[in-house]
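The following note sets out points for a colleague who is reviewing the model.

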Amino acid sequence: MEILAFVSFAVLVVAWLVAPSRGSVAVVSHAEDRKAA
Amino acid sequence: MPNNISAGDTAWLLASAALVMLMTPALGFFYGGLVRRKNVLATIMHSFFILCLISVQWVLWGYTLAFGPDHGGVIGGLDWLALRGVGQDPGPYAPTVPHEAYMVFQMMFAVITPALITGAFAERKRFKAFVVFTLLWATFVYDPVAHWVWGGGWLGQLGALDFAGGTVVHITSGVSALVAALVLGRRVGYGRDALEPHDATMTVLGASLLWFGWFGFNAGSAITAGGLAANAFVVTNTAAAMAALTWMTVSWLHKGAPSVLGAAAGAVAGLVAITPASGYVDVSASILIGLGAGVFCYTAIQLTKRLKVDDALDVFGVHGVGGAWGALATGIFATVAINSGAKDGLAYGNPGQLGIQAIAVAASIIYSAVMTFVILKLIDVFVGLRVPESEEVLGLDASQHREAAYQI
């Protein structure tokens with residue numbers, strides 16, 4: 001059980017290393033705020 | 001009964017009751033941030049109103065139905081109606097605390113369970129229908145299922161393990177939420193307009209307060225202030241953290257960015273999943289339970305969205321699926337090394353426990369789904385479930401409460 005726990009946490013760490021790291025310039029939509037404005 | 005009241009146990013249980021009480025308004029903030037600004041007051045009101053309503057229902061008849069002397073394994077008797085005979089001496093469930101302390105701790109569970117469902121019908125349910133639904137659901141769904149598992153009923157007699165409410169709280173509310181979403185139908189503009197959270201910070205604050213209160217929910221369920229409470233505290237925190245990390249990671253890989261709301265939802269999913277297991281599993285198992293909660297609950301929510309079910313605030317995915325996973329995981333990872341009064345699970349050579357847990361899961365799902373459907377249909381006939389479309393477009397804060405959340 002302990003080995004599985006270590007492995008599962010290690011999988012997350014590896015995933016963070018390979019996950020996309022580029023930012024986005026797209027504006028998150030806030031439809032209601034736009035309407036109110 | 002000899003009076004063996006422990007000051008430490010009583011202090012811990014009363015403090016835990018207060019912690020669990022805080023969870024219901026915290027849920028109001030968690031849900032309130034996720035709805036549009038025209039519905040935030042109505043959404044918070046759902047939780048706040050339930051805190052008041054079930055506090056009275058529970059002392060009048062809820063507690064005796066759930067925990068009163070057993071009748072056929074199905075329901076408690078009316079011996080403790082209006083708390084007659086429930087006083088300062090210990091009751092049959094907890095020998096070291098006043099019966100009233102045990103009762104009020106259980107009250108807070110009865111309060112938050114119907115509040116969880118409100119996320120499914122947010123932004124479109126008539127307030128009067130919500131009031132009647134909550135009272136009927138608490139009486140005919142929560143109270144009987146609590147009796148089955150914790151009050152000496154048939155699931156408890158069968159040997160089902162549910163430390164703090166995986167079946168009683170989360171499966172019943174999650175499945176009922178799915179039924180409510182299907183019966184009420186989708187919100188106006190679903191699939192066409194952006195139905196976006198109006199205040200993500202409010203949601204993260206609500207999730208944080210839920211996490212804080214959950215220590216009372218799970219560690220308080222030990223009833224005693226000892227090692228079992230400490231273990232429940234540790235595994236609760238670990239599972240919440242692991243599920244938040246997992247959900248955030250999965251959403252990062254799936255959608256390209258680490259979601260803040262995803263981390264908050266993931267933490268709640270982990271708290272849900274560890275709830276039934278928290279008095280039976282060790283810390284390594286809690287990491288695996290948190291991992292499973294992050295993956296399974298995230299996947300379930302993607303599926304309900306793909307099927308265009310408007311479970312507005314993802315109650316089924318988090319509580320229904322998280323609760324079922326936690327209940328089954330208890331049957332896998334439970335060990336008498338943590339709780340000598342329990343049973344080993346599949347991982348420790350007792351596959352039968354997993355079967356018993358599956359029966360408890362199935363019974364909770366079927367009963368709560370059928371009863372919720374019947375209750376909703378009756379209310380639809382006599383009261384009407386949804387507000388008219390014009391009121392839904394205007395928003396429930398104005399149409400149901402004649403108030404506005406923000407003057408800015």
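At what angle do the axes of H3(B) and H4(B) cross, and within what distance do they come? The points below begin with the answer; the model under review is a predicted one.

1. Helices H3(B) and H4(B). The two axes cross at roughly 115° and come within 10 Å. The crossing of H3(B) and H4(B) is right-handed. On the H3(B) side the contact is made by Ala110(B), Thr113(B) and Pro114(B), and on the H4(B) side by Thr134(B), Trp137(B), Ala138(B) and Tyr142(B). By class, these residues divide into five nonpolar, two polar and no charged.

2. Helices H4(B) and H12(B). Helix H4 of chain B covers residues 127-150, and helix H12 of chain B covers residues 351-382. Their axes are 10 Å apart, and the packing angle is about 155°. An angle over 145 degrees counts as roughly antiparallel, and H4(B) and H12(B) are therefore roughly antiparallel to each other. The crossing of this pair is right-handed. Among the residues that H4(B) brings to the contact are Phe133(B), Leu136(B), Trp137(B) and Phe140(B), while those from H12(B) include Tyr367(B), Met371(B), Ile375(B) and Ile379(B). The contact of H4(B) with H12(B) divides into 13 nonpolar, three polar and no charged residues. Trp137(B) is listed in the contact with H12(B) and is also listed in the contact with H3(B).

3. Helices H1(B) and H7(B). The axes of H1(B) and H7(B), the latter spanning residues 200-219, lie 7 Å apart at an angle of about 155°. Because of that angle, H1(B) is roughly antiparallel to H7(B). H1(B) passes H7(B) in a left-handed crossing. The residues of this contact are 21 nonpolar, eight polar and no charged.

4. Gly8(B). This residue belongs to helix H1 of chain B, which runs over residues 7-34. Is Gly8(B) buried or exposed? Gly8(B) is exposed, because 12 other C-beta atoms lie within 10 Å, and a residue with 12 or fewer counts as exposed. Between Gly8(B) and Gly226(B) there are 9.0 Å from C-alpha to C-alpha, although the two are 218 residues apart in sequence.

5. The nonpolar core. The largest nonpolar core has 148 residues. Those with the most contacts inside this core are Ala120(B), Leu210(B), Ala243(B), Ala267(B), Val268(B), Ala269(B) and Ala273(B). Helix H3 of chain B, residues 99-117, supplies the largest share of the core, with 14 residues. Leaving aside residues up to four places away in sequence, Ala120(B) touches Ala177(B), Leu178(B), Ala180(B), Ala181(B), Asp311(B), Ala312(B), Leu313(B), Val315(B) and Phe316(B).

6. Positive phi values. Most residues other than glycine have a negative phi. Leu83(B) is not a glycine, yet has a positive phi of about 65°. Leu83(B) is in the loop between strand E2 (75-76) and H3 of chain B, and is partly exposed because 15 other C-beta atoms lie within 10 Å. Asp314(B), likewise not a glycine, has a positive phi of about 60°. Its loop lies between helix H10 (283-306) and helix H11 (315-333) of chain B. Asp314(B) counts as buried because there are 25 C-beta neighbours inside 10 Å.

7. Thr304(B) lies in helix H10 of chain B. Why does Thr304(B) count as buried? There are 20 other C-beta atoms within 10 Å of Thr304(B), and 20 or more is the cut-off for a buried residue. The C-alpha atoms of Thr304(B) and Asp314(B) are separated by 8.5 Å, with the two residues ten apart along the chain. Residues up to four places away in sequence not counted, Thr304(B) touches Val309(B), Asp311(B), Phe316(B) and Gly317(B).

8. Chain A and its interface. Chain A has two helices and zero strands. Of its 37 residues, 3% are buried. How many residues of chain A are in contact with chain B? There are 16, and they meet 19 residues of chain B. Helix H1 (2-18) and helix H2 (31-36) of chain A each supply at least two residues of the side that touches chain B. The largest share, eight residues, comes from H1(A). This side of chain A divides into ten nonpolar, four polar and two charged residues.

How values were computed
Residues numbered from 1 in each chain as written. Chains lettered and ligands numbered in written order. Predicted model: local features only at pLDDT ≥ 70, side-chain atom pairs only at ≥ 80, totals over all residues. Core = buried A, V, L, I, M, F, W, Y, C linked by C-beta atoms within 7 Å. Helix = DSSP H or I, 4+ residues; strand = E, 2+ residues; numbered from the N terminus. Contact = placed C-beta atoms within 7 Å. Nonpolar A, V, L, I, M, F, W, Y, C, P; charged D, E, K, R; others polar. Axes fitted to C-alpha atoms, helices over the stretch in contact; angles between N-to-C directions. Parallel < 35°, antiparallel > 145°, perpendicular 65-115°, else oblique. Left-handed = near helix turned anticlockwise from the far one by under 90°.
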